[in-house]
Amino acid sequence: LKSEPSNWIEDLILAVRPLVEEAYPEVRNALSAEWWMHNKGADSLGGHPLHYDSNEHARTGAGFSYPEVGSVIYLTTPSVGSRASGKTVVLEQTRGGSLASKAFLVDPKVGRMLLFKGLSCYCEEP
């Protein structure tokens with residue numbers, strides 16, 4: 001987050017940073033942000049399984065490291081006739097916590113940004 005962006009995704013990260021910091025002030029001093037993306041075909045049914053974000057490459061003596069904040073930015077919406085919903089499910093369940101009593105379903109909309117606690121369990125709806 002201190003060096004110049006090398007691509008448009010890193011430009012986007014810097015552009016949304018003030019919004020993330022407003023919602024999660026504890027990240028104001030963050031030194032890095034991780035990003036990835038995926039693109040699935042119109043007939044994909046798999047979604048993306050329930051998981052917790054972690055950085056396996058930055059293992060500490062106590063195990064994996066986890067982000068302070070998780071996010072999803074919708075760059076597209078599923079095409080008409082697609083069998084994939086593109087919806088994101090976020091459980092009110094964090095790693096090491098009790099089982100979720102609530103879940104939130106977020107519809108994809110171009111430009112929408114979803115923010116949640118970094119230790120939250122989430123998935124793309126199959």
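**Reading the strands and cores of a predicted model**

Biologist: What is the order of the strands in the open sheet?

Modeller: The open sheet has four strands, arranged β1-β8-β5-β6 with antiparallel pairing. Its edge strands are β1 (48–51) and β6, each of which pairs on one side only. Neighbouring strands of this sheet are turned by 15° against each other on average, direction ignored; the axes are lines fitted to C-alpha atoms, for helices over the stretch in contact, and angles run from 0 to 180 degrees between N-to-C directions.

Biologist: How many bridges join β5 to β6, and how many join β5 to β8?

Modeller: Four bridges link β5 to β6 (residues 103–106), and the two run antiparallel. Thr88 has Val106 as its bridge partner in β6. Four bridges also link β5 to β8 (residues 120–124), again antiparallel, and Val90 stands opposite Tyr122 in β8.

Biologist: Is strand β5 mostly covered or mostly open?

Modeller: Burial is judged by relative accessible area: buried is under 20%, exposed is over 50%, and partly exposed lies in between, with a 1.4 Å probe and protein chains only. Strand β5 (residues 88–94) is mostly covered, with five of its seven residues buried. For the whole protein chain of 126 residues, 28% count as buried.

Biologist: Is Gln93 buried or exposed?

Modeller: Gln93, found in strand β5, is buried because its relative accessible area is 14%. Its side chain makes a polar contact with that of Tyr52 at 3.1 Å. A polar contact is a pair of N or O atoms within 3.5 Å; within protein, one must be able to donate a hydrogen and the other to accept it, and residues adjacent in sequence count only if both atoms are side-chain atoms.

Biologist: How does Ala103 stand in relation to Gln93?

Modeller: Ala103 lies in strand β6 and is partly exposed, with a relative accessible area of 49%. Ala103 and Gln93 are 10 residues apart in sequence and 8.5 Å apart in space, C-alpha to C-alpha. Residues up to four places away in sequence not counted, Ala103 touches Val89, Val90 and Leu91, where contact means heavy atoms within 4.5 Å.

Biologist: Which residues make up the largest nonpolar core?

Modeller: A nonpolar core is a set of buried Ala, Val, Leu, Ile, Met, Phe, Trp, Tyr and Cys residues joined through side-chain atoms within 4.5 Å. The largest here has seven residues: Val72, Tyr74, Val90, Val106, Leu114, Phe116 and Tyr122. A second, separate core of five residues includes Val20, Tyr24, Val27 and Val69.

Definitions and conventions. Residues are numbered from 1 along each chain as its sequence is written. This is a predicted model: local features need pLDDT of at least 70, side-chain atom pairs count only at pLDDT 80 or more; totals for chains, interfaces and linings use all residues. Side-chain values use heavy atoms; hydrogens and water are left out. Two strands pair if DSSP finds at least two bridges between them.
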